[in-house]
Number of protein chains: 2
Amino acid sequence: MSEFDLIQRFFTRATPGAILGVGDDAALLHVAEGMELAVSTDMLVSGTHFLPDADPFLLGHKTLAVNLSDLAAMGAVPRWATLALSLPAADTDWLQRFSTGFFALADEHGVELVGGDTTRGPLCLSVTIMGEVPRGKALRRSGAEAGDDIWVSGMLGHAALGLAHLQGRTELPEDVRVCCLAALHQPQPRVALGLALRDIASSAIDISDGLLADLGHILERSHAGAEVKFDEIPTGIARAIDEPLFRHCVLSGGDDYELCFTACAAKRSEIEAVAKRLGLPLTRIGKIVTGQGCTVRSAKDGVMTIKESGYDHFA
Amino acid sequence: MSEFDLIQRFFTRATPGAILGVGDDAALLHVAEGMELAVSTDMLVSGTHFLPDADPFLLGHKTLAVNLSDLAAMGAVPRWATLALSLPAADTDWLQRFSTGFFALADEHGVELVGGDTTRGPLCLSVTIMGEVPRGKALRRSGAEAGDDIWVSGMLGHAALGLAHLQGRTELPEDVRVCCLAALHQPQPRVALGLALRDIASSAIDISDGLLADLGHILERSHAGAEVKFDEIPTGIARAIDEPLFRHCVLSGGDDYELCFTACAAKRSEIEAVAKRLGLPLTRIGKIVTGQGCTVRSAKDGVMTIKESGYDHFA
């Protein structure tokens with residue numbers, strides 16, 4: 001199979017939302033008047049972000065999901081994506097399953113694949129996602145103010161616990177394992193939540209590097225500090241898990257793709273209504289304060305000492 | 001050095017042309033009214049597109065150049081780029097030189113780096129370039145009509161000859177070698193030409209996979225055939241080079257990043273004026289005809305038989 005057949009067979013779909021899609025030197029897109037274009041790029045590499053034998057369907061899902069999560073954190077409506085992939089070989093079975101996983105999630109969010117590149121090399125995937133957000137309405141990292149509540153969506157630490165289980169660093173009970181592996185392999189980008197928070201949240205970020213690292217980005221950009229109550233962080237896991245590992249996964253584990261956002265106390269009932277409407281838990285875990293840095297307290301330990309705040313590819 | 005320091009030090013520059021640049025979950029861009037957004041993605045992989053010990057300055061240049069070339073072929077003004085890179089290690093000297101090469105070309109074309117991703121893995125680079133083109137004015141592959149002239153910019157085959165020389169498949173005379181290695185390592189995207197051709201050309205493509213392969217894309221999209229005169233193809237090389245290799249590089253060699261375009265005969269003097277204004281040779285090499293496929297004739301061989309039409313990563 002040639003490179004062009006491969007693109008035609010697995011990656012060329014109708015793109016009614018684009019002026020011109022796959023098949024020319026560039027795609028042509030129309031950004032609606034009054035809208036800003038939100039753009040984000042992520043790269044997933046075999047051996048770094050996933051195991052070489054990862055299920056290609058789930059990998060197709062995750063490759064797009066991590067990008068959708070970035071648009072969710074901006075409150076943008078996802079519209080278009082490009083996909084660059086380097087492959088060791090043109091394995092049609094792998095490509096069929098990868099593209100099926102990719103397009104299943106793309107269809108769910110109305111995203112059109114409008115371009116890309118296919119080349120031979122180590123397995124490496126890069127998606128650029130583009131979306132629209134009304135002028136001035138994007139959720140940035142920089143708007144948190146002292147007194148704001150800090151909220152998170154969903155459950156934290158699951159993806160990191162799932163990875164720890166796969167790596168033999170812990171043995172999760174079956175019910176917990178199922179949730180954690182689902183979080184790791186098939187994260188659900190919180191696009192609807194991002195849209196709902198546009199006029200509510202003062203800042204937002206997606207939790208890809210770990211809660212403390214990502215909240216840290218909000219604090220840095222907002223020139224503020226935070227106080228977080230460890231016991232309030234939603235995990236959905238009662239106990240019976242190695243304590244230091246659990247703590248590490250909840251506070252610093254990456255790959256959760258939940259949103260962390262801030263909002264003033266007056267917005268609490270609106271946020272609770274959003275949670276109800278979306279069927280997605282939204283939990284207050286602390287407060288923005290003046291100063292800098294993040295203090296984490298638990299009933300058991302008092303002020304907790306945190307060594308690593310999140311994943312860093314080069315630290 | 002942490003991942004965030006690395007991004008801050010080497011890849012964060014002022015982006016006055018963006019609403020929001022590097023440092024949030026997504027960049028925010030404003031596409032001017034009346035403009036379409038042109039978007040293209042390319043991926044370069046060590047061992048496939050360049051040698052592992054490639055000069056990082058030149059690699060930074062080329063990573064962006066191949067993308068700019070795609071926008072040139074659309075007649076779009078380059079505006080913004082994202083860069084995803086996977087690196088075996090955070091080698092500050094390498095990063096300094098790579099980013100210097102990248103930004104030197106970016107500055108030349110007014111392109112702002114607005115986002116990206118940095119991760120550990122095999123050396124792999126992916127740029128998504130975005131530009132603007134007035135509504136309906138983009139140069140597509142699909143507009144060629146029987147009777148149109150076929151034109152190319154610059155000299156063809158140089159990059160492929162340079163590569164053949166580096167691989168020991170031929171020994172180029174010194175003057176030729178200098179041009180060929182420059183074409184291979186530091187291609188000049190024909191952005192100004194693309195803009196000048198907006199109201200002149202009926203179709204355009206950049207020659208990245210080889211003349212016959214890329215002209216073939218125009219023919220396929222335009223439902224037309226072509227007759228090309230081999231002796232008219234500009235190479236700037238007189239003789240004394242292995243004949244089959246020379247022919248192969250000129251017709252099927254990739255990596256030239258010149259433009260191939262079509263225009264009706266009435267546009268000849270306008271095109272010659274563009275060539276003069278830009279100081280860039282533009283040469284008529286044949287004609288679009290009805291039917292399909294491309295026939296190449298030379299004075300010496302009559303109709304030439306071509307085995308491979310261009311580079312294919314998986315054929």
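## A pair of charged side chains

Which side chain meets that of B:Arg268 in a salt bridge? The partner of B:Arg268 is B:Asp149, with 2.7 Å from N to O, where a salt bridge is a side-chain nitrogen of Lys or Arg within 4 Å of a carboxyl oxygen of Asp or Glu. B:Arg268 lies in helix α9 (residues 268-278) of chain B and B:Asp149 in strand β6 (residues 149-153) of chain B, so that the pair links distant parts of the chain, 119 residues apart. Helices (H or I, at least four residues) and strands (E, at least two) are DSSP runs, numbered from the N terminus. At 1% relative accessibility B:Asp149 counts as buried, whereas B:Arg268, with a relative accessible area of 26%, is partly exposed; buried means under 20% relative accessible area, exposed over 50%, and partly exposed in between (1.4 Å probe, protein chains only).

## How the model is read

This is a predicted model, in which local features need pLDDT of at least 70 and side-chain atom pairs count only at pLDDT 80 or more, while totals for chains, interfaces and linings use all residues. Residues are numbered from 1 along each chain as its sequence is written, chains are lettered from A and ligands numbered from 1 in the order in which they are written, and side-chain values use heavy atoms, with hydrogens and water left out.

## The sheet of chain A

In chain A, an open sheet of 7 strands with mixed pairing has the order β7-β9-β6-β10-β8-β11-β12, where two strands pair if DSSP finds at least two bridges between them. Its edge strands, each pairing on one side only, are β7 (203-206) and β12 (302-303) of chain A. Within this sheet, β8 (residues 225-229) and β11 (residues 293-298) of chain A pair in the parallel sense over 5 bridges, and A:Glu227 has A:Thr295 of β11(A) as its bridge partner.

## Salt bridges within and between chains

Over all chains, a search of the whole structure finds 24 salt bridges. One of them joins B:Asp24 to A:Arg141, whose closest N and O atoms are 3.7 Å apart. Because B:Asp24 lies in the loop between α1 (3-11) and β1 (27-29) of chain B, and A:Arg141 in the loop between β5 (124-134) and β6 of chain A, this pair joins two chains. B:Asp24 counts as buried at 12% relative accessibility, and A:Arg141 counts as buried at 12% as well. A network of salt bridges also links A:Asp24, A:Asp25 and B:Arg141.

A:Asp149 forms a salt bridge with A:Lys287, the closest N and O atoms being 3.0 Å apart. Since A:Asp149 lies in strand β6 of chain A and A:Lys287 in strand β10 of chain A, the pair ties together parts that are 138 residues apart in sequence. A:Asp149 counts as buried, at 1% relative accessibility, but A:Lys287, at 33%, counts as partly exposed.

## An enclosed helix in chain B

Helix α4 (residues 158-166) of chain B is largely enclosed by the rest of the structure, because 7 of its 9 residues are buried. Among these buried residues are B:His158, B:Leu161 and B:His165. What covers the buried residues of α4(B) includes α5 (174-185) and α8 (243-252) of chain B. After α4(B) comes B:Gly168, whose phi is positive, near 75°.

Definitions and conventions
Contact = heavy atoms within 4.5 Å.
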